[in-house]
Amino acid sequence: MDAVFCFMWCEIGAILVHNLFLKGQTMVRQSISISEPNDEWLKAQVASAEYSSKSEAINDLIRQARRRQLEIEHIRSELIKAEQSGFIDEQPDELLANFKEEARQDGLL
């Protein structure tokens, strides 16, 4: 019983410390089911001190996925914009020469 209490207290402490770095973001308690291999991986991350708790690891994974999603949406938007702008008549060597000239004028080369 004491070990369980200590573990819960450590988990709560880790969550509280993590909250200090979230700058006003509130944490919502969730109950999730994960596969055994994923649970083992999470335990290994905590054991290696990569994360202080499973919750911290899961939150980090979600942040990474959200960031990746925003990057994909941005790239998709840029591709759509490029497709809608039409085709160019310049050959690749002309295009590169013009790009380099613009970069020189902007002080980038």
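Helix α3 has 31 residues and reaches 45 Å from its first C-alpha to its last, close to the 45 Å expected at 1.5 Å a residue; the expected span is 1.5 Å times one less than the number of residues. Helices are DSSP runs (H or I, at least four residues), numbered from the N terminus. The model is predicted, so local features need pLDDT of at least 70 and side-chain atom pairs pLDDT 80 or more, whereas totals for chains, interfaces and linings use all residues. Residues are numbered from 1 along each chain as its sequence is written, and side-chain values use heavy atoms, without hydrogens and water.

**Exercise 1.** Determine how the axes of α2 and α3 are oriented.

*Solution.* Step 1: the axes, lines fitted to C-alpha atoms over the stretch in contact, come within 9 Å and cross at roughly 105°. Step 2: α2 is therefore roughly perpendicular to α3, a class that covers 65 to 115 degrees.

**Exercise 2.** State which residues of α2 and α3 meet.

*Solution.* Step 1: contact means heavy atoms within 4.5 Å. Step 2: D39, W41, L42, K43 and V46 of α2 meet K54, A57, I58 and L61 of α3. Step 3: these residues divide into six nonpolar, no polar and three charged.

**Exercise 3.** Decide whether D39 and A49 are buried or exposed.

*Solution.* Step 1: buried means under 20% relative accessible area and exposed over 50% (1.4 Å probe, protein chains only). Step 2: D39, in α2 (residues 36-47), has 14% relative accessibility and therefore counts as buried. Step 3: A49, in the loop between α2 and α3, has 66% and therefore counts as exposed.

Conventions
Helix = DSSP H or I, 4+ residues; strand = E, 2+ residues; numbered from the N terminus. Axes fitted to C-alpha atoms, helices over the stretch in contact; angles between N-to-C directions. Parallel < 35°, antiparallel > 145°, perpendicular 65-115°, else oblique. Nonpolar A, V, L, I, M, F, W, Y, C, P; charged D, E, K, R; others polar.
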